[in-house]
Amino acid sequence: MKTVDMATMRLTPRHYYIVFVSSLGQMIGTAVATLAGIIIPMLNIIMHPELSSFMQGLIGAIDLIGIAIGSVIFGRLSDRYGYLFFFRFCPAMIFVSCVIAILFPSVAVLTICLFFVGLGIGGEYSLDSDYVSELMPVKYRSLMVGVAKAACALGNIIVAAICFALLTCWKSADAWPKLLWIIAITAAVMFILRIRFYESPKWLLDHGMTQKAETAVKKFLGANVTISQDATTSQPQAASQKTSMLSFISTNWKKVILSGVPWACEGLGVYGIGVFLPILVMALGLEHFTAGENAIFHVTSSVEITLWISCIILPGFIWGLILINRRKSLTAIQSVGFWMCAVSLVILLLSYHFAWNKWISIGAFMAFELFLNMGPHLITYVLPPHIYPVEQRGQGVGLAASIGKIGAVLGVFVIPILLKSGGAMLVLSVSAAVMAAGALVTNIFGKEVSGETESE
């Protein structure tokens, strides 16, 4: 039987299966954010007085706080103890947390459980890109990491569609805990699929376990697949040699800025605007409703508009993946995406201010989502594993994801405050400025590390 090198082999169905299993973490991350944005206005209907701006921001951001913490914790733990255990543990924690929130419905329990859901998702964000980037052939590595990231578009679309269908049938805001079954079932499927998964071959190599690494590769990709000869000659990296976080940042500060700060700026668009998209749709007057109708119909209509806007997310990812496959510069794609996001938000602001036709506003919103996911949302995920070597990848990717989620947390907290203090105009102005800042940082530091090549 002719042997093939995992680094140079063609893509096989097993590669696609690895990407599918890994990408479910991305899907569940955006699913939770979308679901939180739907649950918040439902809670406002049944609670008297309504949730404060702070509580709305807390519910929307608490899972992101968990993600920021979880991505660093699980990134470092996986570098030291291996990927596989945490790859299974994270979906199990998400499932248990959701079930508890369903069985004991209250704002307090929901908030606590969403934090633990976020911890699990943070681990996913660190681990799934590691698995994909390390198991794909070099030629397709960035593309397939991008494909895994694109799965998050399905999280937005599927949750918005299911929630719209359920709210149309239920016609009651009291049923909000049942919506969490969407996340719980997804997490259960993730755990089941990962029972027959294996340790990262490159992590095993990095820790001197060459024979186990070779066995893992064969289990993942086939009995005739071998590890790259370059990889097998690398020096083992003992866990005790891992640097502290401060030392890591000081040594890699340019990479940290390039991979983290734009991710934080992108976080405002994906989560700040994404979580409160139904509420922003209502604030901009884009939904359809009749005065005097039950408030749940107001929410249901805004969820419908949210669904249509969310449907453009997937084409945005596909566009970005095509550009990656054509070997276009990652930082150039990210920069253009940021600038076009800023332009789209300015058009949306003008449309709202001058009361233009609402379809212009919806079109501008869709353009924002298109460019956000073509550029920043996709590339900020692809870039970190691209620029860090394997012995630093878990820590580097985890740190980048953590910085990104800190930005997302700030975005989610600030959106309801901006809405209360300055309305939709202030939200759009600040968001456009943040998108422009992401473009500037990408332009400056992208050139600084342009000489970097993908590390094996």
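Predicted model: local features only at pLDDT ≥ 70, side-chain atom pairs only at ≥ 80, totals over all residues.

Visitor: Is α4 mostly covered or mostly uncovered?

Guide: A residue is called buried when its relative accessible area is under 20%. In α4, 24 of the 29 residues are buried, so the helix is mostly covered.

Visitor: Which residues of α3 are buried, and what covers them?

Guide: The buried residues of α3 include L84, F86, F87, C90, P91 and M93. Further along α3, I94, S97, C98, V99, A101 and I102 are buried as well. Their cover includes α1, α2 (53-81), α4 and α6.

Visitor: What about F85 and F89, how do their rings sit?

Guide: For two rings, look at the distance between centres and the angle between planes; planes under 30 degrees apart count as stacked. F85 and F89 are 5.8 Å apart centre to centre with 15 degrees between the planes, so this aromatic pair is stacked. The count of aromatic pairs comes to 16.

Visitor: Why are F85 and F89 separated by about one helical turn?

Guide: Because they are four residues apart in helix α3, which runs over residues 84-103. F85 is exposed, with a relative accessible area of 53%, while F89 is partly exposed at 35%.

Visitor: Which residues do ring pairs link into a cluster?

Guide: The cluster joins Y83, F87, Y131, F197, Y198 and F220.

Visitor: Where is S22, and what does it touch?

Guide: To read a single residue, ask for its element, its accessibility and its contacts. S22 sits in helix α1 (residues 13-46), and at 0% relative accessibility it is buried. Leaving out residues up to four places away in sequence, S22 touches F87, D128, Y131, V132, R194 and F197. Of these, F87, Y131 and F197 also belong to the ring cluster. S22 and D128 are 106 residues apart along the chain, yet their C-alpha atoms are separated by 4.8 Å.

Visitor: Is L286 buried or exposed?

Guide: L286 is buried, at 2% relative accessibility, although it lies in a loop, the one between α12 (277-283) and α13 (295-310). Beyond its neighbours within four places in sequence, L286 is in contact with V281, I305, K358, S361, I362 and F365. Sequence separation and distance in space can be read side by side here too: L286 and M340 are 54 residues apart in sequence and 22 Å apart in space, C-alpha to C-alpha.

Visitor: And T306, where does it lie and what is it in contact with?

Guide: T306 is in helix α13 and is buried, with a relative accessible area of 4%. Apart from neighbours within four places in sequence, T306 is in contact with L277, P278 and V281. V281 is also a contact of L286.

Visitor: How do helix α5 and helix α14 pack?

Guide: Two packed helices are described by the angle between their axes and the distance between the axes. Helix α5 (residues 141-170) and helix α14 (residues 313-325) pack at about 175 degrees, with axes 9 Å apart. That makes α5 roughly antiparallel to α14. By class, their contact has 12 nonpolar, four polar and one charged residues. On the α14 side, the residues that meet α5 are I313, L314, F317, L321, I324 and N325.

Terms used:
Residues numbered from 1 in each chain as written. Heavy atoms only, no water. Axes fitted to C-alpha atoms, helices over the stretch in contact; angles between N-to-C directions. Helix = DSSP H or I, 4+ residues; strand = E, 2+ residues; numbered from the N terminus. Parallel < 35°, antiparallel > 145°, perpendicular 65-115°, else oblique. Contact = heavy atoms within 4.5 Å. Nonpolar A, V, L, I, M, F, W, Y, C, P; charged D, E, K, R; others polar. Buried < 20%, exposed > 50% of the residue type's maximum accessible area, 1.4 Å probe, protein only. Phe/Tyr/Trp six-rings, centres within 6.5 Å; stacked < 30°, edge-to-face > 60°.
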